[in-house]
Amino acid sequence: MSEECALRVLGIETSCDETGVAVYDSEQGLLGHSLYSQIKLHADFGGVVPELASRDHVRKTLPLITDTLKQTDGGLEQLDGIAYTAGPGLVGALLVGAAIGRSLAWTLDIPAVGVHHMEGHMLAPMLDERKPEFPFVALLVSGGHSQLVEVEAVGHYRLLGESIDDAAGEAFDKTAKLLGLPYPGGPELARLAEQGNPERFSFPRPMTDRPGLDFSFSGLKTFALNTMQQELAPELNLEPEIAQQTRADIARAFEDAVVDTMVIKCRRAVRETNCQTLVLAGGVAANRHLRQRMQLSMEKEGVELFYPNMQFCTDNGAMIAYAGCQRLVAGQSEELQFGARPRWPLEELTALD
Ligand code: KG4
Ligand code: ZN
């Protein structure tokens, strides 16, 4: 691509409880990024309160844009396009990013594009020096999604399988809550599992005993609850350290079951599609055991594994700026209107030819 057609894109992510902003340049790569997490705001409620999330995005997005632009060698006038997360996510939160992104684009007279949040996650490994090449299979595992997708190119997606109930991250979060861990549960549960004995309990690997690439995680949460009721029953009068060890052992058994299930399904997916590359993305891809065990399994399959840099694994603006940049470079943008889609099947995206 020549210097003249380089595009500098501002990305805005406000789909849930993180305000993320970044500037990505099609020639120079990522020029700046900022992230504000609303964890403290929602912690007392044990989960995300949508209305509070929207209000906080209203407060934080513009200051973050200012901060991010300061990290680059130019201001608003250097921008060639704006990308904002248009869905899926919390509709009020999405509308904040969409309204700000659209208004800025209109004021600056530059194009804007609404980005699919999961496409952002899927393309996040492209922010690294070592990038996956198309085609690849992607395992997208976040708080709202668990999907296996065959990816031919940007926008060419075929859904291979998905969760029929809880998403992987949702299962982590709900099980963490049962274990008495604070929000956000996934990383807390993973931390507790580090101290767990992997030999003590064995949880099932749901839907691995039959063909297919769908997942089901909600039964594991119930399995964890039943184990807790048996092993931590008040009448057992356990010493606090023993009870804590039992909680860690349950966390470990749960994590191992989720990780193993995902590894088994990914192995199946790369074999069925004959793909040489696997991309692991979404918040749950931050899980250390998942990364390690997937690496071992894919090495055996002769498949190259990619996952995003840790800071771009959970929600962030950089992945939205990158995905939006690809679409804007290909000439895609939208009319002066915006909407937000709380639900949005990946397969409805327009393909880049
Ligand atoms: O992609 P993400 O930041 O937001 C959504 O799009 O949902 O993913 C958040 C999810 C949460 O469910 C969180 O608990 C989970 O990712 N998560 C983890 C870890 N870090 C974040 N789950 C397991 N282990 C982790 N280390
Ligand atoms: Zn996400």
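In the predicted model, a nitrogen atom of ligand 1 lies 3.0 Å from an N or O atom in the side chain of asparagine 287, a polar contact being a pair of N or O atoms within 3.5 Å. An oxygen atom of ligand 1 is placed 2.9 Å from a side-chain N or O atom of histidine 121, and an oxygen atom of the ligand is 2.8 Å from a backbone N or O atom of glycine 143. Of the 550 Å² of accessible area that ligand 1 has on its own, the protein covers 86% (Shrake-Rupley method, 1.4 Å probe). The ligand is surrounded by 17 residues, each with a heavy atom within 4 Å of it. Domain 1 (3-124 + 312-348) and domain 2 (133-307) both contribute to this shell, so ligand 1 lies between them; the domain bounds come from an automatic or database assignment.

The model is predicted, and local features require pLDDT of at least 70, side-chain atom pairs pLDDT 80 or more, whereas totals for chains, interfaces and linings use all residues. Residues are numbered from 1 along each chain as its sequence is written, chains are lettered from A and ligands numbered from 1 in the order written, and side-chain values use heavy atoms, without hydrogens and water.

Five aromatic pairs are present (ring centres of Phe, Tyr or Trp, the last by its six-membered ring, within 6.5 Å; planes under 30 degrees apart stacked, over 60 edge-to-face, the rest tilted). The rings of tyrosine 24 and tyrosine 322 are 5.0 Å apart at their centres with planes at 80 degrees, so this pair is edge-to-face.

Note on methods. Polar contact = N/O pair within 3.5 Å; in protein donor to acceptor, adjacent residues only side chain to side chain.
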